[in-house]
Amino acid sequence: MTAPLATAVSADPLHPVTSEQAEAIHVRDLHKCFGELEVLKGVSLTARDGDVVALIGGSGSGKSTFLRCINFLENPTSGVIRINGEDVRMISDGHGGQYPADRRQIERIRSRLGMVFQNFNLWQHMTLIQNVIEVPIHVLGVKRDEAIAIGEQLLERVGLSEKRDVYPAYLSGGQQQRGAIARALAIQPRVMLFDEPTSALDPELVGEVLKVIADLAKEGRTMLLVTHEMKFAREVASHVMYLHNGVVEEEGRPETVFGSPKSERLKQFIRSVS
Amino acid sequence: MADASIFPAAISGMFELLSPVPPGWGGNLLRGLANSLQIAFGAFGLGLLIGTLGAYGKLYGGPVIRDILAIYTTIVRAVPELVLILLLYYAGTDLINRVLEAMGYAPVNISGLVAGIVVLGFVQGAYGTEVLRGAIKAIPQGEIEAARAYGMSPGVMMRRIILPAMLPHALPGLANLWLIATKDTALLAVVGFSELTLETRQAAGATKAYFLFYMAAGVLYLLVTLSSNAIIGRVEIWARRGMPSIREA
Ligand SMILES: Nc1ncnc2c1ncn2[C@@H]1O[C@H](COP(=O)(O)OP(=O)(O)OP(=O)(O)O)[C@@H](O)[C@H]1O
Ligand SMILES: [Mg+2]
């Protein structure tokens, strides 16, 4: 994203041009407990428009939980979450947890966060195009013709024009995941959330999905990406966070984190996955 | 010669008895069938409504709602339907009239049709709750999570995702419930509602042609089942549109 500095006025209200890009996601001191088990122990993150943040870490380190807290699929136990500059109001449930005060606020926020799941999670009773236009029409109130026109463009982008009217069960994993990315793009997301988008794929299908994601990164999409593909993270990310046992152990530019890791644990982790 | 004349006479006698216009009893049987179908439709629809709400309540409701629903489904499924019908019909109408009386209104005569639909619908609702609860639980969790992650409100999610996604899992159970509904209407004969079975009994009693009329009623019930199966089969193909058939997979 090459935004001219200072006074120019942006035509796109979602991406106001300022000397510094606006904050899309701001998380401070996030804690999450499942019963007695504290899975996140104070994680903070700021993602500005155009940032590509890669979350890495061992199994069970809390990466998915962190991502799911950001769109409130899990209710954080404590901490501040601000999405699109909007503070999310929480109410204490009286048992040490909290839940969102306003369901509609959460729904509004979610409808601008495009989530892509490890297992695709396309709706099986809808064709690919129906999956892509579902949220624009029934959540965002976009007109049907318009949603279809945009949806067809997106399917073309991810190379699935021919599969427009096919049900997900008849598609390969790689095709389903590209379709799921088109579904996420269709809501014109402020931020895209990827949770290990290639982990459920056969090795020969990983490349086609990574390519689509890399293209999105290049065009300046804001993304949060949980991944085990270290080489890929190094290529596309602008910022890397290494999570261990619910704590950010190291973070920074990819060349620093991967090139000269400080902690012994991160060194070992990088060795083990590459 | 004598043989040849008896046989056609017997056959033409049968036709006379079954003729839809008096003195034939066919019209009565068809009216009974129409009443049975009306009750079956109404009860099945009411059961579907109760079942959907009950399934939602059991899955997502608070502890009080869940307890109430557990009592409802357990009791209704434990007690024989005939007993429930007698109980709900007589106790129900009695209760309504007592309430009306207490409030200073005159007692009403509750129509057999409405009472039949309500009573059978109440029974169907208990089974429907369990069928639909199981079907909703069979939806892959990820599809519901995707709906939540994209900001669907509970209402939109129910209408757009949960109901269509659970339908293929629910249809075999619902088809059974529908066929049971068509036959359970016969139980309403005990409270004097003139559905197919009661009409048949009256026709048979009046003419002494027991075998003929019970066979005719049996054929009518069979036709209902056969045409239901044809329709259900089509609905099932449509509901399973996103699923590869077992043989293909
Ligand atoms: N709903 C839940 N209830 C209880 N514990 C949970 C729940 N979800 C996650 N956990 C626990 O929280 C911890 C972190 O899980 P999480 O899924 O965030 O890990 P992860 O970093 O995404 O791991 P992976 O790389 O294997 O996906 C794990 O110990 C897990 O068992
Ligand atoms: Mg995970």
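The legends below describe close-up views of a predicted model. Local features need pLDDT of at least 70 and side-chain atom pairs count only at pLDDT 80 or more, whereas totals for chains, interfaces and linings use all residues. Residues are numbered from 1 along each chain as its sequence is written, and side-chain values use heavy atoms, with hydrogens and water left out.

**View 1. An aromatic pair between F44(B) and W178(B).** Rings of Phe, Tyr and Trp (its six-membered ring) pair if their centres lie within 6.5 Å, with planes under 30 degrees apart counted as stacked, over 60 as edge-to-face and the rest as tilted. Six aromatic pairs are counted over all chains; among them, F44(B) and W178(B) pair edge-to-face, 5.6 Å centre to centre with 75 degrees between the planes. The partners are 134 residues apart, F44(B) in helix 2 (residues 26-60) and W178(B) in helix 7 (residues 154-184) of chain B, where helices are DSSP runs of H or I, at least four residues, numbered from the N terminus. F44(B) is buried at 17% relative accessible area, and W178(B) is buried at 10% (buried, under 20%; exposed, over 50%; partly exposed, in between; 1.4 Å probe, protein chains only). Together with F41(B), these two residues form one aromatic cluster.

**View 2. The charged end of R183(A) over the ring of W123(A).** The distance from the ring centre is 4.4 Å, the criterion being NZ of Lys or CZ of Arg within 6 Å of the ring centre and within 35 degrees of the ring normal.

**View 3. The charged end of R241(B) over the ring of W238(B).** Here the charged end of R241(B) lies 4.7 Å from the ring centre of W238(B).

Key: Chains are lettered from A and ligands numbered from 1 in the order in which they are written. Helices (H or I, at least four residues) and strands (E, at least two) are DSSP runs, numbered from the N terminus.
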